[in-house]
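Hi,

Here is the structure I promised to pass on to you. Please have a look at it first, and then read my notes below.

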Amino acid sequence: MRSLRFVLSVVLLSLSTLAFAQSDAQKSFTQLKTLAGSWQGPVTVVPPQPEMGDGTLTQVSLRVTSRGNALVHEMKEVGKPDDPTRYDHPLTMLYLDGDRLLLTHYCDAGNRPRMAARTSPDGKTVEFDFLDVAGGTEYGHMHHAVFTIIDPNHHIEDWTYMMPRDKPVHAHIDLKRAQ
């Protein structure tokens with residue numbers, strides 16, 4: 001009887017440890033939430049696009065919302081009026097869905113691609129792979145995103161947009177925390 005109680009207590013302790021262990025998705029989400037704030041940096045676009053000048057300053061705002069259950073990512077070009085009806089102003093939501101970290105990008109192309117996260121072994125890079133897209137893709141869609149945390153005041157974002165006929169355009173944004 002005593003050995004049965006011992007085994008039962010070990011099993012219950014193991015189960016409680018599993019219940020409180022953070023998944024990779026939760027750890028990645030917690031790490032990304034440390035980026036909350038205002039950011040600014042130059043964007044490099046490959047291949048170059050006429051409407052996006054190389055070195056154009058981009059402003060990124062990250063905000064934790066919904067009692068910590070979502071991270072809002074907003075992007076706009078520095079110096080452009082805050083008029084999302086006339087200028088690019090994409091919005092991205094990052095959130096946990098069970099044991100997955102997902103991203104939904106509300107694109108200026110009028111669609112909403114979803115991506116699922118993968119984490120690097122060191123936990124400093126979170127890569128999002130395309131899952132599906134709602135809405136039309138006649139103008140293309142966002143297909144891939146990578147967030148790399150350098151330090152608390154510096155991170156890099158890499159975004160891949162698939163143009164019509166599956167031609168990728170890569171945007172690399174080197175962001176520093178705005179003071």
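Setting aside neighbours within four places in sequence, Leu103 is in contact (heavy atoms within 4.5 Å) with Thr92, Met93, Leu94, Tyr95, Pro113, Arg114, Met115, Phe128, Ala145, Phe147 and Trp159. Before going further, two words on the source: this is a predicted model, in which local features need pLDDT of at least 70 and side-chain atom pairs count only at pLDDT 80 or more, while totals for chains, interfaces and linings use all residues. Residues are numbered from 1 along each chain as its sequence is written, and side-chain values use heavy atoms, with hydrogens and water left out.

Leu103 also belongs to the largest nonpolar core, which has 28 residues. By nonpolar core I mean a set of buried Ala, Val, Leu, Ile, Met, Phe, Trp, Tyr and Cys residues joined through side-chain atoms within 4.5 Å. Buried stands for under 20% relative accessible area, exposed for over 50%, and partly exposed for anything in between (1.4 Å probe, protein chains only). The core members that touch the most others are Leu32, Leu94, Leu103, Phe128, Phe147 and Trp159. As background, nonpolar side chains tend to be buried together in soluble globular proteins.

**A buried histidine**

His105 sits in strand β5 (residues 100-106); strands (E, at least two residues) and helices (H or I, at least four) are DSSP runs, numbered from the N terminus. Is His105 buried or exposed? His105 counts as buried because its relative accessibility is 2%. Its side chain makes a polar contact of 2.7 Å with that of Thr92. For a polar contact, a pair of N or O atoms lies within 3.5 Å; within protein, one must be able to donate a hydrogen and the other to accept it, and residues adjacent in sequence count only if both atoms are side-chain atoms. Beyond four places in sequence, the contacts of His105 are Pro90, Leu91, Thr92, Asn111, Arg112, Pro113, Met142 and Trp159.

**Strands β6, β7 and β8**

β6 and β7 pair in the antiparallel sense over eight bridges, where pairing requires that DSSP finds at least two bridges between two strands. β7 also pairs with strand β8 (residues 141-151), again antiparallel, over five bridges. Asp129 is a handy landmark here: Ala116 stands opposite Asp129 in β7, and the bridge partner of Asp129 in β8 is His144.

Gly123 takes a positive phi near 75 degrees in the β6 and β7 hairpin, with five residues between the strands. In the hairpin of β7 and β8, with six residues between the strands, Gly135 has a positive phi near 95 degrees.

**Salt bridges**

How many salt bridges are there? The count comes to four, taking a side-chain nitrogen of Lys or Arg within 4 Å of a carboxyl oxygen of Asp or Glu. One of them joins Asp132 and Arg114 at 2.9 Å, N to O. This pair links distant parts of the chain, with Asp132 in β7 (residues 125-134) and Arg114 in β6 (residues 112-119), 18 residues apart. Asp132 is partly exposed at 32%, as is Arg114 at 25%.

Arg118, Glu127 and Asp129 are linked in a salt-bridge network. The closest N and O atoms of Glu127 and Arg118 are 3.0 Å apart, and Asp129 meets Arg118 at 2.5 Å, N to O. Asp129 in β7 and Arg118 in β6 are 11 residues apart.
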